[in-house]
Amino acid sequence: MLIGDLVTLREVAWGDLAARQEWFRDPEVTRYLGWLDGVPVPYLQDDSPGSLEWTVALRDSQEPVGIAQLGKLDTVAAQASLGLVIGRKELWGKGLGADVIRLVLAYAFQVAALNRVWLTVESRHLKAVRLYEREGFLAEGVLRQARQTQDGLQDVTVMGILRPEWESRHSHGG
Ligand SMILES: CC(C)(COP(=O)(O)OP(=O)(O)OC[C@H]1O[C@@H](n2cnc3c(N)ncnc32)[C@H](O)[C@@H]1OP(=O)(O)O)[C@@H](O)C(=O)NCCC(=O)NCCS
């Protein structure tokens, strides 16, 4: 179990499934996940070997509130992708997302010895883009009109953070 200031990341349990179904019934939660007609498209379906998925739980109550993933593990280039959903929208804007990112990055660089963590995010999802930037991700490029959504084709930004960048943020207390 990974323990942050506000949340813990723990193994996914059968008891979390009902909560997951509820989160994904909320169109505001799935809005930027690339779902079409209420159905998930591959973003959240990463069954590549070595992928990790955790339940995000509130640290004090252990109530499940979201999902974190370290997926698409590439052991040759020592990289993996980060996925993050806080499924309870009344808990947005309280720092849970930032806490999850810090825990996943510490695991990726310190435990899994990765060199790069990357993600894709719809470019219009500014709250998420800003959050990833604050946690040290750099925008690496834009895939123009690369995702079909309920609102039409959307640009997708690729973001990444390299191990030395993460280490230097930590050695400076950032
Ligand atoms: C995107 C998402 C992960 C953000 O999670 P979050 O828990 O709201 O993130 P944080 O609270 O750490 O940061 C979000 C905002 O709250 C602010 N915030 C953080 N802690 C705060 C606090 N204690 N008081 C006030 N504001 C705070 C941050 O500054 C940030 O502000 P900004 O939007 O102006 O930049 C969440 O909205 C989500 O899961 N959405 C649905 C799924 C999704 O879109 N996932 C991402 C796919 S790429």
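## Ligand shell

Ala, Val, Leu, Ile, Met, Phe, Trp, Tyr, Cys and Pro count here as nonpolar, Asp, Glu, Lys and Arg as charged, and the others, Gly among them, as polar. By this scheme, the shell around the ligand in this predicted model comprises 12 nonpolar, 4 polar and 3 charged residues.

In total, 19 residues surround the ligand, and the closest are W92, G93, G95, G97 and A98. Three elements each supply at least two residues of this shell: the strand β5 (79–86) and the helices α3 (96–111) and α4 (126–134). Of the contributing elements, α4 gives the most, with 4 residues.

## Secondary structure

The chain contains 5 helices and 8 strands. Read from the N terminus, the order of these elements is β-β-α-α-β-β-β-α-β-α-β-β-α.

## Overall dimensions

How does the radius of gyration of the chain compare with that of a compact globule, and what is its value? For 174 residues, a compact globule would have a radius of gyration near 16 Å; the chain has 16 Å, so the two agree. The C-alpha trace spans about 45 × 40 × 30 Å along the principal axes of the chain.

## Burial and contacts

Of the 174 residues in the chain, 26% are buried. Among contacts in the chain with a separation of 6 or more, 57% are accounted for by residues 24 or more positions apart.

Key
Residues are numbered from 1 along each chain as its sequence is written. This is a predicted model: local features need pLDDT of at least 70, side-chain atom pairs count only at pLDDT 80 or more; totals for chains, interfaces and linings use all residues. A residue is near a molecule or strand if its C-beta atom, placed from the backbone, lies within 6 Å of it. The radius of gyration is taken over C-alpha atoms; the globule rule is 2.2 Å times the number of residues to the power 0.38. A residue is buried if 20 or more other C-beta atoms lie within 10 Å of its own, exposed if 12 or fewer, and partly exposed in between; C-beta atoms are placed from the backbone. Two residues are in contact if their C-beta atoms, placed from the backbone, lie within 7 Å.
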